[in-house]
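Subject: Structure for your review

Dear colleague,

Please find the structure below, followed by a summary of what was found in it.

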Amino acid sequence: LDRLVAFSSFPDSMSHHLPRHRSSVHDSLFSFRLPDPSPDAAGSRRGFLYGFVFNRQRQDERLPRGGEQKSVVILSHAPYSSLFRLLLQILGPLCFDIGHTALTMVASHVAAWPAPSPGCPMELPIGSAALRVHLPPAANDPGPPPALLPANPSVPYGLFHDADLFAAFRGLLLHLWTLWELMVVGEPILVVAPSPPQCSEAVAGLVSLVAPILYSVDFRPYFTIHDPDFARLNALAEGEVFPPMVLGVTNLFFLRSLKSVPNVVSVGSPNPNSTRVLPAGGQSPASANGSNGTPVRLKLDKLAISKFSPTGLLNSIKLRREGPLSLMTEHKEALWSTYVPTTKPDTSVLNRLIDAGVSPRIEESMSVVNNEILRRHFLELTTNFLAPFGPYLRTTTPLEGSSPFVDPPLLPPFHADEFVNGLASRGPGKFLSKRMKSNWLDLYRKFLEGPNFMPWFRQRRSAAEQDQLRLWRQARMNVDIEKLMSKMSELERIDSFNVIERYLLKEMENSRTATAESIAACQKLKADLQAAFSVLPKDMQQLLLSNPKRAVLLQASQEKKLYSLRNHILHYVTALSILH
């Protein structure tokens, strides 16, 4: 593992793009993901390890290889990129400037942090400062119901919400909808970039694009030839289907060794200090702004959607003919795929994006705005795509005046064929019908057959079942048992007594954890059991008391009731004596 982490913590080669007229020191942040070979307490694999890297490259012609590079790495089973990136921005420079003392100092602060609160904002002290982060939801958190759009898109509803989606795919904005589909259906994708920060950011952005869907496909933000899975993938025979994976790479050797990957996307710029792309037509970034240098809206013609030129057409044909291997001679942002998308680019969203100009400060702030626009749209797109599954995840509560002492109804059974047929007759809904082609139903079929649907659906289904149990339990806590019993026949009262007893025994089993909620539920059900017992016929009461365990249960409830009544009387008598 140490060797694998070491190989994953450095770029494939020293950067050849460091500007000579500036500092020869170049710092970068990136991440990787590896299978964790160490077993857990049960002896099974623990899933994946996430690595977050602060890398420093220093060019110096006096050194044997013309430079050196070092990395500070944080390893964790938690994919908290928003937290660890902030921590590395403090820890990395301190380690290189001060040394091991800095690592010990920062580690002592981290050790004092409270346990993570997934899905919640946290303020974590480090020295005299504090890191303010909003952690992503836990892996078993299903997120918002599919029929509802989250009110605040800045709150993470999946992994890597902090990924710079706009910067990573600025030259491929028109392809974001195709990439969204590829991720939804679980297609394999090879992401090629000039540097680890660019490829890992792009992979993180792709994973975040489909939130709140639980992305169940294996993804590697930075994949190297030293990864143990490379040998398996490299050995795939010609014509053999490439497994669902998203791999971020910088080594162009992968273009030949993994040529069976059906979808290849190249992102980023060879210049690590700029991920910007010049607008179409050779216009300079400065002239793309307003006359006073202020940011303006990105124009669709700059995205090559409404302008036609013979040169552009020839370049497009050449790019498609040469395929991804054209990256061996020159890096360019492009998407090669045989996949036929259903979703159309939303020009209204693209028209709202802002061109930041040449100022790095303005570019950073405008990138935040653009990310918010894109995230809001794709969160809305995914939520509307999942909305038809809502009826299979809808909870119910007892009707007004009905008894909550019955088993809750089961959620509607799900059958893929029936779902597709019903959806075909109803249509995709207003939001999707404007953004999808006539073959929109094919996207649902691919999603149902792909690797992401069943893990997401099972998780949502389990959450809905737990939510329904909670709602019915709350209804039992709120019911007026005497009023309910007064409306029942003798037979219904006997049935209710048996059901209340069953729920009480179940709560008593759960109350071993001694939570305030379970203790309160036990007390309420004991009182309800006694109330139900008191309205039963005498012969039925005698029959029920013939069971020793039940007799003890009722006796305890009765004693507690008498004890409470005695205390109440004593309190009343004491109050009277004080008055006199």
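Helix α17 passes helix α18 in a left-handed crossing, meaning that the near helix is turned anticlockwise from the far one by less than a right angle. Helices (H or I, at least four residues) and strands (E, at least two) are DSSP runs, numbered from the N terminus. The contact, defined as heavy atoms within 4.5 Å, includes Phe497, Tyr503 and Leu504 of α17 and Leu525, Leu529 and Phe533 of α18.

This is a predicted model, in which local features need pLDDT of at least 70 and side-chain atom pairs count only at pLDDT 80 or more, while totals for chains, interfaces and linings use all residues. Residues are numbered from 1 along each chain as its sequence is written, and side-chain values use heavy atoms, with hydrogens and water left out.

The axes of α17 (residues 490-510) and α18 (residues 516-534) come within 9 Å and cross at roughly 155°; axes are lines fitted to C-alpha atoms, for helices over the stretch in contact, and angles run from 0 to 180 degrees between N-to-C directions. The two helices are therefore roughly antiparallel (angles over 145 degrees).

Elsewhere, three strands form an open antiparallel sheet in the order β1-β2-β3, where pairing requires at least two DSSP bridges between two strands. β1 (25-35) and β3 (67-76) stand at the edges with a single partner strand each, so one side of each lacks a neighbour in the sheet. β1 is joined to β2 (residues 48-59) by 11 bridges, and Leu29 has Phe54 in β2 as its bridge partner. Helix α2 (residues 81-97) lies across β1, β2 and β3, at about 140° to β3.

Yours sincerely

Notes: Angles under 35 degrees count as roughly parallel, over 145 as roughly antiparallel, 65 to 115 as roughly perpendicular and the rest as oblique.
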